Amino acid sequence: MSTSRLWAVDVHGCVYSLSTAGQQWERCHDAQMAFKRVTAAQQCCWGIACDNKIYLNVHASDVHIRFQEETYENQRWNPVDGFSERLLPSDRWQWSDVTGLHHQPLSNSQLPSSSWEWEGDWYVDENFEGEPTEKEGWTYSVDFPGVYTKDKKWNSCVRRRRWLRHRRYKAMDSWAEIPCQKTSLPDPFSDISCGGWEITEEPRGLLSLWAVSLQGKVWYREGIHHHNPEGSMWQDITLPGEVVQISCGPGDLVWAVLWEGQMIVREGVSRNNPRGTDIRSLFSLDSVIGIVFFLSGSSWSVVDSPDPDVAVMHVAVGVNVVWALTKDNKVWFRRGVNPHNPRGSGWISMVGEMIMINVGLNDQVWAIGSEDRAVYFRQGVTASELSGKTWKAIAVLRDGDRSHSSASSQQSAGCYFSESHPPSVSSGVESDTEKTEEVNIDTPKSHIPKVTSDSFISQLVSDRDPVCAVDPQEESIPEEGDKKLDVVQTVDPQWSNVDLEVPPDNVDTCSLSSLAALAMEDPYGVDGHPLWAWVSGGGCSVDSHSQLNWFHSTMNTSLLAQSVQSLSLSFTSAQMATWRKQIFEQLGERTKREVDEFRHYEQAVEQCVWVKKGTMQWWRDWKPHKWVDVHFALEQFSGPEGNKDGILFVYYNYYEEKKYLHTFINEVTILVPVLNDAKHTFAIYTPERIQKRWPIRVAAATEEEMHDWLALLSALCCNARGIRGPPSKQAIWSITCKGDIFVSEPTPSLEAMPYPTPCDQMFWHQIGGHLRVVESNSVGIVWGIGYDHTAWVYGGSTEHGYTQTDVKSVYIYENQRWNPVTGYTNLGLPTDRYMWSDASGLHERTKTSTKPPSPQWAWVSEWAIDYGVSGGTDPEGWQYAADFPAWYHGYKNMNDFVRRRRWARKCKVTTTGPWQEVPPIQLSDVSIMPCGPDNDADVIPVWAISDKGDVLCRLGVTALTPAGTSWLHVGTDRPFKSISIGAARQLWAIARDGSAFFRGSVFPQTPAGECWYHIPSPPKQKLKQVSVGRTSVFVVDDNGHLWYRKGLTPGYPQGSSWEYVSNNVRKVTVGPFDQVWIIADKVQGSHSLSHGTVCHRLGIHPLEPKGQSWDYGIGGGWDHISVRGNTMEPPHFCLSALAEPRVTSFPS
């Protein structure tokens, strides 16, 4: 799991962050600025400073935040001047936006704030829909508005061209003030909360920011997204009363606390309306009683306060949870909160007394203790137990430990003392028991100080008698069910808020001054831990499986290390040498006694045979195909030299006659787990069955039994072929459509001419982990990308298993047909597809019947409409077409009689494998330079595409540091989707619009190159993937066609033209010797067409660089392959000895 940060503010207004992989609070860079409170997301942190203004801290990243400004230059043709700036009065502006409705000259473009800077000047975009334009970027049309083309026609009366300019956000890792808006300014702010990044159907990158002013108003920040982190403007939100505190969860929950102690919840928060609708509330007659309001259909429902006698002070919401604090510092959890039941089912009283609480990612909870001001983490919070189990204090130190702050910094942060009150009862005095709305809790109440404009945070520090101090290592809040502890209560000295009240007459001013000076000099409590005022976990990604080092004091660790060191120093080197000699002598005597004295005896058993049997089900080979019960047996034998082999038997009944089929272990080429929600199945392939595309499929009774058989058979197959240890540097890597990783050790004869080793004889064995893309080279550097776009690097050994997680989306389609009476409805024609189906429409898939891909996967989200479908959608996610199936578009035409929309649900798998995460940027493609045998480069170029389409170059990648050191962002004027670097550092890339680009001047001295050259695509084709070898470039278009780039020379690396090679191609990979392998579709098998088959291009040589034919290998079900590490040189051959290959071409 990648590192993330927990943010907190101490009583002096200093902002600190704690990494999930660290053991120390790190102070924010802007040490001169004091803050009251912060709210964090994974990419940034917002804060309210002592001047009541909002500041933004965007976390530094190797990928710059860039925004593309654009404007259009419009011209019209006339018989005198030709195309000119003279437009008709009814025409659009000469300089306008894309619609032509807004005047947008180049001189009007301004930076939104001082946090931005221009990357360069305006320039003309010479690309149109993936194709280079002619005549300085102009596109032509008959009139405004119209359909534009890059070619000028006889009736082209108007033209336009697009001008581009990029600006970059430069205020990274520093606090930048949010610019004031030109209209009416909001009041100074007192509270802030960000969230909304997991709103149902919410596009990625958007953020919701809510703020509360000193006047009790609520404001919403519009336009916050990845390319505009500051947002655009503030919007005032209608309220039923004055608000003191607000909380926005990662989803669509927004709750607020009124000054009177009530709580309200925002209705109508959605993708199209992230601000929700106006809040309306019914007021309680008793302002002391806190009331919760939320939307239920079209009416408001009322939920009583957890304690009828005490008002609510603070609220914190997550995705499916609501936590609240009452004014007696009691903690309450709302049970049963979810998108379908926002009302919940009841309050649960939780152990502990807190002054502040916060809910972050994965509904994890942090809080600040009311007595010790320590930060607490709620342990045991899972999807099945959202309330958690117990509180545990975070016991780590801060950098610059025991540093002192001035009294003025404490006051500027709003950290003032309030009037005298007795301390709260020690946390952990009450078990977490469920309460209902009718339950009255009769407990003594501590006197609550007056709440100021800074809410309860105004009472941040209260001195205690040293007698009551408890060591943080010995103090632990008891788990649920612990009995109440009796503590001795002392009365704190009286303090007054200097802004609102004067000290009482009976308070000794001398003692008051001395105590105040003492408290403001030392930011620590009497028990030695720092005093905290605010905490935010919105950017801290932890769960129940996270390994955190936050709960062991660094001081104790250092003391232990010193004691161990002192213990070791008490022994002399002479004593250590004497002990070592005695141990060696004892080991030698044991070896002589147990081994050497029996060497003259003959070996009792020279070979052995043993059999493992089991009962399974087998998918029989003949029709009708069905599962039948069989006896499964493995007979293994070993010879005198220790080599092992075996035979696999499947015993079945055929018309009451007992028969069997068998397979020799040394003939097995691959064992593939076939995971589904019905059976625990795996497939066994041999060369003969690879050609037929029909493996031996067997199903075990349990998942454990299946894994036992797979482990045994895999180990036996590897032993029979002499494969031990991790994969070699020249290994060929591949990935199935399920995410399983397989490797194959190549032989020199694999690329031999004219008779190479057939692909169906290659042996593949599985490597732990789960990936979508893998890339290798001959130095041993292997990178992978998961379905969730997380980058991983191979650790170099299969013995070291690291925890790896992956998240993918499962899709189903909702289909509807139009009729004149009811419009679009789920009642289709008898010949129509299922109204809930998969993408093909042939299989029914409903929300309730659709399961995760296998038992190893678990749902981590609910079903949500997917708006990121190719072709676009309308605001409700629908795509329209004339009939099923057809070309879908995101708008409705008069002849569109059917429509569909895609629903997505995320699931997660946790596994182990030799993969280490490369944080923090998420990737969609990666390419490693293939190195030949004579390559002596120390630093290996690694290029990648981020999930947002940014081009990145990884620096510092070597054989010893395969993960590299940092990313270098390479600017582009459009998002990219595929990239590949060749053995001679020739870099090619494919943009998302299907256009191809070549990067010039990529050398060791200039690893990022200098500029992009636009390469025309094949006629009427949009490219999707590229792979570059030593001297060749191959690309795949959206229609599955494979193309070869002709005319490549060292002096002209861009080449001259494209030449068609083959069809039905999904992926292509080109090796360091220009070997070409692909993942092919529609390969004919013995029963049907096979999709996702590994194929090898035959006949490639200098006179025929694009090859002659294909050789079929393992498949189907494969999705990715990489041969870029295979530097096994084939035997030399004569061109006259070339023979005809055994396979000619793909079926059309």
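Visitor: Is Tyr1013 buried, partly exposed or exposed?
Guide: The model is a predicted one. Tyr1013 has a relative accessible area of 38%. Buried requires under 20% and exposed requires over 50%, so Tyr1013 is partly exposed.

Visitor: Phe998 and Tyr1013 form a pair; is it stacked, tilted or edge-to-face?
Guide: The ring centres of Phe998 and Tyr1013 lie 6.4 Å apart, with 35 degrees between the planes. Stacked planes are under 30 degrees apart and edge-to-face planes over 60, so this pair is tilted.

Visitor: How many residues apart in sequence are the parts that this pair ties together?
Guide: Phe998, which counts as buried at 5% relative accessibility, belongs to strand S63 (residues 996-1000). Tyr1013 belongs to strand S64 (residues 1011-1015). The separation in sequence is therefore 15 residues.

Visitor: How many aromatic pairs does a search of the whole structure find?
Guide: The search covers the whole structure. The number of aromatic pairs found is 42.

Visitor: Among them is the pair of Trp25 and Trp532; which strands does this pair link?
Guide: The pair is tilted, at 4.6 Å centre to centre and 45 degrees between the planes. Trp25 is buried at 1% relative accessible area, and Trp532 is buried at 3%. The two residues are 507 residues apart, and the strands are S3 and S35.

Visitor: Which residue lies over the face of Tyr811?
Guide: The distance to the ring centre of Tyr811 is 3.9 Å. The residue over this face is Arg902.

How values were computed:
Residues numbered from 1 in each chain as written. Predicted model: local features only at pLDDT ≥ 70, side-chain atom pairs only at ≥ 80, totals over all residues. Heavy atoms only, no water. Phe/Tyr/Trp six-rings, centres within 6.5 Å; stacked < 30°, edge-to-face > 60°. Helix = DSSP H or I, 4+ residues; strand = E, 2+ residues; numbered from the N terminus. Buried < 20%, exposed > 50% of the residue type's maximum accessible area, 1.4 Å probe, protein only. Lys NZ or Arg CZ within 6 Å of the ring centre and 35° of its normal.
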